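Please look through the structure shown here together with its sequence. The explanation after it leads through a few selected features in turn.

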Amino acid sequence: MNESVFELVHGADNPRNSEGSFLPTKDGKIRFIYTRYTGTSCADHASADLAEIISDDGGATWKDRGVVVARGDAANIMSVSLLRLQDGSIRLFYLEKRGLSGGCMGCIPMMRRSDDEGESWSEAKRLIPHDGYFVMNNDRAIQLASGRIVLPLSIHPWRTGGGLRPGTVFTLFSDDNGETWAESQTMLTPDFQTEASAGFQEPGVIELEADKLLLWIRTARGYQFRSVSCDGGNTWSTATADLNFPSPCSPMSMKRDPATGTLYAVWNGTNRILYPVLPSTTPRTPLVLVRSRDNGATWETDRAVLLEREPDHGYCYTAMLFHGDSLLLAYCCGRQGNGFCQLQDLRIRKITLPELWKD
């Protein structure tokens, strides 16, 4: 049904290999850029650069290209999204973390451009001029049919005395291929916003039809939440719980197969009627795949595919790439507890889609 293709396992002076994004190139290769940590710490703010592996056989095998974007004087760079624009050029989005005056940590979305299929990258461009702790997950950037680029983000204000407050979600968009950017008119703030809550976190977005977008949001309320925009991401409906996606406080990924139009979603399904009940030391298991063949109106949760189920591991921060009749998935797959971190290791899995569902 599916096969585990490749694993990036942590080791000496490489305590974590974390989330990334795929890019198919015009010569038939597949690039995958991810966050490679160095030193001894696997914490989110620890030292990390962007490294790359390349496959020339459709994702069956991979070769290491090493670091392709160094962090420079930043503390950390992570959360990669790769996007080919309609004009053929490529954009690399990521987050740059650095300390600010007053002891706060800033987290700013950055962008680079490539005109040679990812062989080289331009200097970094900062996308938001003001400081803050902005979060955009890996593999999130999209371009609409209209040409607009849309980035889904959350902003976490700094807490007095240190730490971050609950998140608020918005979108960043560009109508000139990334030269200039604007923030959405709507800021999505949950009605359960308290100092103790997670708020709205780690959103993702997909285009359902011309300028109609679906946004999903990580929460600690037992479900992914959802919101809809009918104007290309400038304004958003009130976010509500999506009963199709019962979920721990963990991100979801969703993409459309360009060959068939089918939508696929990957997340830590927790519906104990539909998915196996597992004793677990971490909420980020199991990992399941579902599809929608009616543009998200309904989801075939009764035919969900169980991808991973180890109870002492966590599976999260998934990147997706459709390649022929296959789906490539890359996600964190580390052990949890006893000195291990569920974000330490990265797995790439190749799935032959026609074999999953016998229609």
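This is a predicted model: local features need pLDDT of at least 70, side-chain atom pairs count only at pLDDT 80 or more; totals for chains, interfaces and linings use all residues.

The paragraphs that follow treat a sheet, a cavity and some details of the backbone.

Four strands form an open sheet in the order 6-7-8-9, and their pairing is antiparallel. The edges of this sheet are held by strand 6, residues 76-84, and strand 9, residues 125-126. Each of these two has a single partner strand, so one side of each is left without a neighbour in the sheet.

One cavity of 30 Å³ or more is present in the structure, and the largest cavity has a volume of about 50 Å³. Which residues line the largest cavity? The lining consists of Ser 250, Pro 251, Met 252, Ser 253, Val 266, Trp 267, Asn 268, Leu 287, Tyr 315, Cys 316, Tyr 317 and Thr 318. Two elements contribute two or more residues each to this lining, namely strand 20 (263-267) and strand 23 (316-323). Strand 23 provides the largest share, with three residues. Sorted by class, the lining of the largest cavity comprises eight nonpolar and four polar residues, and no charged ones.

The backbone also deserves attention. Most peptide bonds are trans, and most residues other than glycine have a negative phi. Against this background, the peptide bond from Thr 285 to Pro 286 is cis, with omega near 0°. Pro 286 is located in the loop between strand 20 and strand 21, the latter spanning residues 287-292.

Two further residues concern phi. Asp 211, which is not a glycine, has a positive phi near 65°. Asp 211 belongs to the loop between strand 15 (201-209) and strand 16 (212-218). Is Asp 211 buried, partly exposed or exposed? Its relative accessibility is 31%, and Asp 211 therefore counts as partly exposed.

Asn 295 likewise has a positive phi, of about 65°, although this residue is not a glycine. The loop that holds Asn 295 lies between strand 21 and strand 22, residues 305-308. With a relative accessibility of 27%, Asn 295 counts as partly exposed, because that class lies between the limits of under 20% for buried and over 50% for exposed.

Notes:
Residues are numbered from 1 along each chain as its sequence is written. Side-chain values use heavy atoms; hydrogens and water are left out. On a 1 Å grid over the protein atoms alone, a cavity is a set of points where a 1.4 Å probe fits but cannot get out, and a pocket is an open set with protein on both sides within 12 Å along at least five of seven lines; lining residues have an atom within 4 Å of a point. Grid points are joined across faces, edges and corners, and a volume is the space filled by probe spheres set on the points. Ala, Val, Leu, Ile, Met, Phe, Trp, Tyr, Cys and Pro count as nonpolar, Asp, Glu, Lys and Arg as charged, and the others, Gly among them, as polar. Buried means under 20% relative accessible area, exposed over 50%, partly exposed in between (1.4 Å probe, protein chains only). Two strands pair if DSSP finds at least two bridges between them.
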